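Welcome! Let's take a friendly walk through a protein model, one topic at a time. Please keep the view open as you read.

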Amino acid sequence: SDRETVEQIRENPYLQYFLGLKTYTNKAPFDPSLLVHFRERIGVELVNSINKQVVKEILSKEDIESELESKKKEEVNEIKNKGKLVLDATVAPSDISYPGGLRQP
C-alpha cells in the first residue's frame, strides 16, 4: 500500500538516499496520497509497461542464476577426490604436539 511504502522509506536510510535526501530523517518525506497523484500523472499504460519490464528482468536473472547453478553442479561432479578424510578424533594424526601444534625450544 502507499502508506506502507512511505513507512518503508521513513525507516530505511538507503531508500531515503535513493530518493535524493541528503541526511536521514525519521519523518515521512511525503504524504502517501502523493503517490496516487504520481500514478495518475504517469498513466496506467506506463505503469503496466514498467511492471512488465521489471518482471522480464527478474525472470532473466532467475534464468541466469539457474544456469550458473547447473554449471556449478557439473563442475562439482568433475572434481576428483583428493586427500584424506578424518572422521573421528580417535583417528587423528599422532604427530600433533600440544598446545595447538607449537613446539617449545
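## A first contact

With which side chain does the side chain of Arg 10 make a polar contact? The partner is the side chain of Glu 7, at 2.4 Å. A polar contact is a pair of N or O atoms within 3.5 Å; within protein, one must be able to donate a hydrogen and the other to accept it, and residues adjacent in sequence count only if both atoms are side-chain atoms.

Before going on, a word about the model. It is predicted, so local features need pLDDT of at least 70 and side-chain atom pairs count only at pLDDT 80 or more, while totals for chains, interfaces and linings use all residues. Residues are numbered from 1 along each chain as its sequence is written, and side-chain values use heavy atoms, with hydrogens and water left out.

Arg 10 is found in helix H1, residues 2–11. Helices (H or I, at least four residues) and strands (E, at least two) are DSSP runs, numbered from the N terminus. Arg 10 and Glu 7 both lie in H1, 3 residues apart, which is about one turn of the helix.

The two side chains also meet in a salt bridge, 2.4 Å from N to O. The term stands for a side-chain nitrogen of Lys or Arg within 4 Å of a carboxyl oxygen of Asp or Glu. Arg 10 forms another salt bridge with Glu 11, at 3.7 Å. Salt bridges that share partners join Glu 7, Arg 10 and Glu 11 into one network.

How covered are these residues? Buried means under 20% relative accessible area, exposed over 50%, and partly exposed in between (1.4 Å probe, protein chains only). Arg 10 counts as buried because its relative accessibility is 19%. Glu 7, at 33%, is partly exposed, and so is Glu 11, at 45%.

How many salt bridges does a search of the whole structure find? There are 3. One of them pairs Arg 39 with Asp 2, with the closest N and O atoms 2.7 Å apart. This pair links distant parts of the chain: Arg 39 is in helix H3 and Asp 2 in helix H1, 37 residues apart. Asp 2 is buried, at 18% relative accessibility, whereas Arg 39 is partly exposed, at 40%.

Val 36 also has its place in helix H3. Val 36 and Asp 2 are 34 residues apart in sequence and 8.0 Å apart in space, C-alpha to C-alpha. Val 36 counts as partly exposed because its relative accessibility is 34%.

## Patches on the surface

Leu 34, Phe 38, Ile 42, Leu 46, Ile 50, Val 54 and Ile 58 form a nonpolar patch with about 570 Å² of accessible area together. The elements that give two or more residues to this patch are helix H3 (33–42) and H4. H4 gives the largest share, 4 residues. Val 54 lies in H4 and is partly exposed, at 43% relative accessibility.

Glu 62, Asp 63, Glu 65, Glu 67 and Glu 69 gather in a patch of negative charge. Glu 69 is found in helix H4, residues 44–78. Patches are made of residues with over 30% relative accessible area and no salt bridge: like charges are joined within 9 Å, and nonpolar side chains (Val, Leu, Ile, Met, Phe, Trp, Tyr) within 5 Å. Lys and Arg count as positive and Asp and Glu as negative, with His and the chain ends not counted. The place of a charge is NZ of Lys, CZ of Arg, CG of Asp or CD of Glu. Accessible areas come from the Shrake-Rupley method with a 1.4 Å probe, and for residues only the protein chains shown count as cover.
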